[in-house]
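Please read this briefing alongside the sequence and the 3D view. It moves from each chain as a whole to single residues.

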Amino acid sequence: MKHNPYRTEKIAFSLLFLATIVVLLPVILIIGIIVQKGWPAISWEFLTAMPEKGMREGGIFPAIVGTLFLVLGTLTFALPLGVMSAIFLVEYAKDNVLTRLVKLAIINLAGVPSVVYGLFGLGIFVMFLKFGASILAGSLTLAIMVLPIIITTTREALESVPQSFREVSLSLGVSKWQTIRYSVLPHALPGILTGIILAVSRAAGETAPILFTVAAFYLPKLPDSIFDQVMALPYHLYVISTQVPNVDPKVRYGTALVLLLIVLSMNFVAIVLRSKFRKKKKW
Amino acid sequence: MKTAVETQDLNLFYGDFQALKNINLRVKENSITALIGPSGCGKSTLLRTFNRMNDLIEGVRIEGRIVIEGENILAGGTDLVTLRKKVGMVFQRPNPFPLSIEENILFAPKIHKTAAKADHERIVEESLKSVLLWDNLKDKLGKNALNLTLEQQQRLCIARLLPVKPEILLMDEPCSALDPIATERIEELMRVLKEHYTILIVTHNMQQAARVSDDTGFMLLGELIEFASTGSIFTNPSDQRTNDYITGRFG
Ligand SMILES: Nc1ncnc2c1ncn2[C@@H]1O[C@H](COP(=O)(O)OP(=O)(O)O)[C@@H](O)[C@H]1O
Ligand SMILES: [Mg+2]
């Protein structure tokens, strides 16, 4: 057959297009099925009531609250620590062996499987520090897990602020810290915010790190203190899907839908923020 | 005339590379001093020693003395914040912050807390008047500074310095991003500012140096080859290399 560039072009295009569609398919299917099967379960009662009859009926309120508490707790620890260390790495640290080691450690931290964080949290926070399975232990574990996300996005946000902003500010007799505070951080804020939201959605969605450190199998009440266990959406979903017989699939999919909505809406906000930031950026 | 800046046996090293070699010069108060020379000869480096901006670069080592108002600013205990308030800098590329015109001018006084809120309006007006921007911009002070023309941006960058009350202005090729007409107008502005400030300007535009400056220093490969009144440098240079440069034989 004679070589025909138009034909090969067409074939290449079709193949690439097909590949893209195939990638899209599972996403659409997952969301479609969960919405379709879970939507009927969603009601005011489902969102605000305690579970009943061995989690087969009632609502998932304590799991939603538990997840929100865990997210808040995670941010309480990870946000200041992550942002401050990113500021140190970008603005203060000299490029030496130690800094490079720290940066390498952060990259590797991001690649650690989440169940390992769970075991680590169990060993350190639950057992060694004797926090027990608690909001405190779970938040700390999740915080360590999302720390690399916050540090990396904050670093990128800081590095994207032009060097000239710092130079001008310093040349005006503004001190180094004031320079960071007034002419770097404000311009890096949207980027940092994006990182925070990604961290939150990760913390909200993970099961393995909370499995041994905080998540309660069945605890139909709200926590009194940070030393209490809580139910959490991802673990609750696991429980009603595998550990409790005869749960109406509607309830499972409903729970999955709530979790998905929380995580996806956060990601969506992150994307919107980021694109707004890009458009506003003129330097 | 009084001396504003004096360097004594100034040497500067980037690591092993010596970028400034034994520089001795004396800048007069309320004058414009130009530094000329081919690209890479160390003009910017020299300029940045006067407000210690080279401190930001890792591996820089400086020897010698730079005396401003009787004090060696290279000495250990020098307060960089005070020094940089006294010695302001205009950069090669206009670099206003992506904030409003007003916020750009109030940036430093707000941080330094040198001005009461009631004075802000007056400071903005005075600063913009000093750089001859007031009439054009008085109705759009809230506009983003990045929407201004390059010339206006560079004027704004000069205006941004003034509330800090500097005595010396360092300008590193302030017109290199501007067209000839804008360049001429900035030069006019420099002549006006000279009344109140001592100006040091780096330029590789010899006509500019000849037009605007009172004294000129010619640099080559890190050395200050010749430093004299602009008139004598351009009409009667004492060094052959200066002569070669200003007649365009290299550079
Ligand atoms: N940060 C730096 N590190 C190492 N060398 C530098 C640095 N900045 C400038 N140099 C070198 O110092 C010399 C003088 O540079 P510069 O002062 O920028 O020259 P000019 O402003 O006259 O063009 C050049 O050879 C340049 O390569
Ligand atoms: Mg230069």
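How far apart are the mean positions of the positive and negative charges of chain A? The mean positions of the 25 positive and 13 negative charges of chain A are 9 Å apart, where Lys and Arg count as positive, Asp and Glu count as negative, and His and the chain ends are not counted. The place of each charge is taken as NZ of Lys, CZ of Arg, CG of Asp or CD of Glu.

This is a predicted model, in which local features need pLDDT of at least 70 and side-chain atom pairs count only at pLDDT 80 or more, while totals for chains, interfaces and linings use all residues. Residues are numbered from 1 along each chain as its sequence is written, chains are lettered from A and ligands numbered from 1 in the order in which they are written, and side-chain values use heavy atoms, with hydrogens and water left out.

**Chain A as a whole**

- Chain A contains 11 helices and 2 strands, with helices (H or I, at least four residues) and strands (E, at least two) taken as DSSP runs and numbered from the N terminus.
- Along the sequence, the elements of chain A come in the order α-α-β-β-α-α-α-α-α-α-α-α-α.
- Taken along the principal axes, the C-alpha atoms of chain A fill a box of roughly 75 × 70 × 35 Å.
- Of the 283 residues in chain A, 42% are buried, where buried means under 20% relative accessible area, exposed means over 50%, and partly exposed lies in between, with a 1.4 Å probe and protein chains only.
- The accessible surface of chain A is about 15,300 Å², and 71% of it belongs to carbon and sulfur atoms; such areas come from the Shrake-Rupley method with a 1.4 Å probe, and for residues only the protein chains shown count as cover.
- When contacts in chain A between residues at least 6 apart in sequence are considered, 75% of them join residues at least 24 apart, a contact being heavy atoms within 4.5 Å.

**Chain B as a whole**

- Chain B has 10 helices and 10 strands, and its C-alpha atoms fill a box of roughly 55 × 45 × 35 Å along the principal axes.
- The radius of gyration of chain B is 18 Å, which agrees with the value near 18 Å that a compact globule of 251 residues would have; this radius is taken over C-alpha atoms, and the globule rule is 2.2 Å times the number of residues to the power 0.38.
- Buried residues account for 54% of the 251 residues in chain B, and its accessible surface is about 11,200 Å², with 47% belonging to carbon and sulfur atoms.
- The 30 positive and 33 negative side chains of chain B form two sets whose centres lie 3 Å apart.

**Nonpolar cores**

- The largest nonpolar core has 140 residues, and those with the most contacts inside it are B:L46, B:F50 and B:L128; a nonpolar core is a set of buried Ala, Val, Leu, Ile, Met, Phe, Trp, Tyr and Cys residues joined through side-chain atoms within 4.5 Å.
- Apart from that core lies another, of 5 residues, including A:F125, A:V126, A:L136 and A:A137.
- Not counting residues up to four places away in sequence, B:L46 touches B:L10, B:L20, B:I23, B:L25, B:L35 and B:M219.

- B:S127 is in helix α4 (residues 120–130) of chain B, and it counts as buried because its relative accessibility is 4%.
- Beyond its neighbours within four places in sequence, B:S127 is in contact with B:I105, B:A159, B:L162 and B:P163.
- B:I199 belongs to strand β8 (residues 198–202) of chain B and is buried, with a relative accessible area of 0%.
- Between B:I199 and B:L35 there are 164 residues of separation in sequence and 11 Å in space, C-alpha to C-alpha.

**Residues with positive phi**

- Most residues other than glycine have a negative phi.
- A:N246, which is not a glycine, has a positive phi of about 60°; A:N246 is in the loop between α10 (233–242) and α11 (249–280) of chain A and is exposed, at a relative accessible area of 69%.
- B:R52 also has a positive phi, near 55°, and is placed in the loop between α1 (43–49) and β4 (60–68) of chain B.
- B:R52 counts as buried at 13% relative accessibility, and its contacts, leaving out residues up to four places away in sequence, include B:I73, B:L74 and B:A75.
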